[in-house]
Amino acid sequence: MPKKLLLLPPLSASSAFRAPRARPAARPAMNAARTGYRVFSANSTAACTELAKRITERLGAELGKSVVYQETNGETRVEIKESVRGQDIFIIQTIPRDVNTAVMELLIMAYALKTACARNIIGVIPYFPYSKQSKMRKRGSIVCKLLASMLAKAGLTHIITMDLHQKEIQGFFSFPVDNLRASPFLLQYIQEEIPNYRNAVIVAKSPDAAKRAQSYAERLRLGLAVIHGEAQCTELDMDDGRHSPPMVKNATVHPGLELPLMMAKEKPPITVVGDVGGRIAIIVDDIIDDVESFVAAAEILKERGAYKIYVMATHGILSAEAPRLIEESTIDEVVVTNTVPHEVQKLQCPKIKTVDISLILSEAIRRIHNGESMAYLFRNITVDD
């Protein structure tokens with residue numbers, strides 16, 4: 001029998017073949033792509049705003065819109081005037097004379113940005129405050145460790161600083177710390193601005209600063225001199241322990257417990273190890289605050305035959321009567337960076353010169369935001385700088 005053909009009913013319009021619809025692209029996970037960044041100034045002083053503007057100009061960015069001010073009752077108020085959700089935020093904060101107000105400005109701004117859902121909050125603090133209080137003395141406290149914990153609690157996730165007073169301070173933080181160096185800028189100043197610098201000798205005003213001075217001397221291929229013996233006590237004289245009062249004869253002592261008595265320290269006469277006669281003396285240090293020790297060192301060097309004396313330091317705090325003492329001393333020039341505002345001091349003492357370090361800060365910001373290595377900023381830089 002012939003096979004019958006099975007005829008199918010015609011397709012209706014609703015059942016006709018339709019091309020598959022293009023599926024909408026999947027939404028990227030939140031913060032999967034690298035977001036933008038903003039730079040804010042956490043200080044209402046002109047010096048901090050100036051440094052922040054220098055940094056943003058080098059980055060080709062605009063300074064973030066915010067208001068930082070002190071109310072009539074002395075409280076600090078911070079207002080963020082734009083959205084920062086999902087962005088990397090960099091807070092520029094210099095430390096003026098009113099240290100505690102600057103710390104509160106930084107803490108409050110960081111907390112405000114954290115509340116506004118910023119992606120990362122990076123503090124750019126060229127001079128880290130309370131860095132001299134990083135060791136136990138007598139029955140005091142390690143205030144620098146306390147400040148590190150406060151910054152983490154406020155919302156900071158990273159810090160960029162420069163020439164910490166003690167390198168070990170980095171261990172106080174629970175987040176990354178990039179401790180940049182100002183030595184390349186100061187070395188460049190020596191080479192370009194000090195006439196006949198080849199006839200100079202690098203000087204450490206105390207044995208504690210010898211490593212830094214040695215690093216400078218090796219870079220510049222210059223001689224090294226160290227001043228040994230000081231009239232006043234240094235920080236390291238009180239570093240370890242609480243300095244309990246000595247035992248008196250009538251004190252109650254456990255039977256059989258006789259500890260050996262420690263001999264009291266006596267400073268030797270001030271001597272200069274190294275030849276500075278007929279040379280330019282360049283004293284290097286990380287901080288110049290109370291200048292009495294620098295002035296005393298300059299007088300000793302002048303007596304030993306140095307005909308010109310420079311002081312190079314990263315942080316020019318220059319407290320109290322420092323400008324007047326420098327102006328009246330045998331120091332020819334004091335060179336510091338703009339990590340700390342010192343415009344008023346410069347007006348009082350023309351010997352104070354400033355080196356701009358905004359270049360390295362802006363490059364550090366760019367590299368951190370782009371996830372690039374920071375190794376280039378530390379090339380040819382030793383730990384002793």
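**Note on aromatic pairs and a helix contact**

1. Phe173 counts as buried, at 11% relative accessibility, and this value, like the others in this note, comes from a predicted model. Phe173 lies in the loop between β6 (158-162) and β7 (177-180), whereas Phe128 lies in the loop between β5 (120-125) and α3 (143-154).

2. The ring centres of Phe128 and Phe173 are 5.4 Å apart with the planes at 75 degrees, and because planes over 60 degrees apart count as edge-to-face, the pair is assigned to that class. The pair ties together parts that are 45 residues apart in sequence. Phe128 is buried, with a relative accessible area of 3%, and one aromatic cluster is formed by Phe128, Phe173 and Phe175.

3. The count of aromatic pairs comes to 3. One of them is formed by Tyr37 and Phe90, which are edge-to-face at 6.2 Å centre to centre, with 90 degrees between the planes. Tyr37 belongs to strand β1 (residues 37-41) and Phe90 to strand β4 (residues 88-92), so this pair links parts that are 53 residues apart in sequence. Tyr37 is partly exposed, with a relative accessible area of 23%, while Phe90 is buried at 0%.

4. Helix α1 (residues 46-59) packs against helix α9 (residues 358-370) at an angle of about 55 degrees, their axes being 9 Å apart, which makes α1 oblique to α9. The crossing of α1 past α9 is right-handed. Leu51, Arg54, Ile55, Arg58 and Leu59 of α1 make the contact with Ser358, Leu359, Leu361, Ser362, Ile365 and Arg366 of α9, and the residues of this contact divide into 6 nonpolar, 2 polar and 3 charged.

Key:
Residues are numbered from 1 along each chain as its sequence is written. This is a predicted model: local features need pLDDT of at least 70, side-chain atom pairs count only at pLDDT 80 or more; totals for chains, interfaces and linings use all residues. Side-chain values use heavy atoms; hydrogens and water are left out. Axes are lines fitted to C-alpha atoms, for helices over the stretch in contact, and angles run from 0 to 180 degrees between N-to-C directions. Helices (H or I, at least four residues) and strands (E, at least two) are DSSP runs, numbered from the N terminus. Angles under 35 degrees count as roughly parallel, over 145 as roughly antiparallel, 65 to 115 as roughly perpendicular and the rest as oblique. A crossing is left-handed if the near helix is turned anticlockwise from the far one by less than a right angle, and right-handed if clockwise. Contact means heavy atoms within 4.5 Å. Ala, Val, Leu, Ile, Met, Phe, Trp, Tyr, Cys and Pro count as nonpolar, Asp, Glu, Lys and Arg as charged, and the others, Gly among them, as polar. Rings of Phe, Tyr and Trp (its six-membered ring) pair if their centres lie within 6.5 Å; planes under 30 degrees apart count as stacked, over 60 as edge-to-face and the rest as tilted. Buried means under 20% relative accessible area, exposed over 50%, partly exposed in between (1.4 Å probe, protein chains only).
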